[in-house]
Amino acid sequence: MTADDRPDSVGTFKAFAIAEGILLIILGVLSLIFPVIASVWVTGVIAVVFLVGGVVGWISNLARSKRMGRWICFWRLVVSTLFIVAGASMISNFRSPADAAEQVATLSLAIGIVFLLEGVVAFFNGLSHSNRPGAGWAIANGVITFILGLLIVTLKFWGLLWVLGVLVGISFLFSGIDLIALSSTIHNDQEPPAAA
């Protein structure tokens, strides 16, 4: 890259980063304003990802079956089948609003359980490394994650419907702010970052 090309490259990177940041902030705000709708969308996307991932897993495992042991191939096919069944079941249950709400609540509850477990692991991991600098942050992370999980799993059915939307909204909002902040620190005489 010549010196003449660099400002255009950096300028293009900054423009796309700012545009992506603004889009993420808008989507984050919309998710926070309409958390139930965002939760339904997130659940739908996860259902499609499960279904596609299961099909790709089947194709990949069958294509590589001669290079894998029989049991490894068998268990990978079992896992891929579970992904297909879970994805297809979730998609088929989106036919009525009540069934869609049940799918969203179930996924939210599962995320709450994951947060509980992750919080316990992070807390004890922080305690086991308490003599290292920054261990307090790991312990605090464990406590906060556990509390969030506890809040989620103790919600009533209707409360579970907004959990995914709020989590996605917060994530999008902060990712958008991060992208805009990153792009504002890049000057025309610098190389754009390899990955943002």
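What pattern does the chain follow when read along the sequence? In this predicted model, the pattern is α-α-α-α-α-α-α. The chain has 7 helices and 0 strands. Its radius of gyration is 22 Å, whereas the globule rule gives 16 Å for 196 residues; the value is well over that of the rule, so the chain is more spread out than a compact globule. Along the principal axes, the C-alpha atoms fill a box of roughly 55 × 45 × 45 Å.

Of its 196 residues, 27% count as buried. Among contacts in the chain with a separation of 6 or more, 76% come from residues 24 or more positions apart.

The packing of two of the helices was examined in detail. Two packed helices are described by the angle between their axes and the distance between the axes. Helix α2 spans residues 35–63 and helix α4 spans residues 97–128. The two pack at an angle of about 80°, and their axes lie 9 Å apart. Because angles of 65 to 115 degrees count as roughly perpendicular, α2 is roughly perpendicular to α4. On the α2 side, the contact involves S39, V40, T43 and I46; these residues meet Q103, V104 and L107 in α4. By residue class, the contact of α2 with α4 comprises 4 nonpolar and 3 polar residues, with no charged residues.

Notes. Residues are numbered from 1 along each chain as its sequence is written. This is a predicted model: local features need pLDDT of at least 70, side-chain atom pairs count only at pLDDT 80 or more; totals for chains, interfaces and linings use all residues. Side-chain values use heavy atoms; hydrogens and water are left out. Axes are lines fitted to C-alpha atoms, for helices over the stretch in contact, and angles run from 0 to 180 degrees between N-to-C directions. Helices (H or I, at least four residues) and strands (E, at least two) are DSSP runs, numbered from the N terminus. Angles under 35 degrees count as roughly parallel, over 145 as roughly antiparallel, 65 to 115 as roughly perpendicular and the rest as oblique. Contact means heavy atoms within 4.5 Å. Ala, Val, Leu, Ile, Met, Phe, Trp, Tyr, Cys and Pro count as nonpolar, Asp, Glu, Lys and Arg as charged, and the others, Gly among them, as polar. The radius of gyration is taken over C-alpha atoms; the globule rule is 2.2 Å times the number of residues to the power 0.38. Buried means under 20% relative accessible area, exposed over 50%, partly exposed in between (1.4 Å probe, protein chains only).
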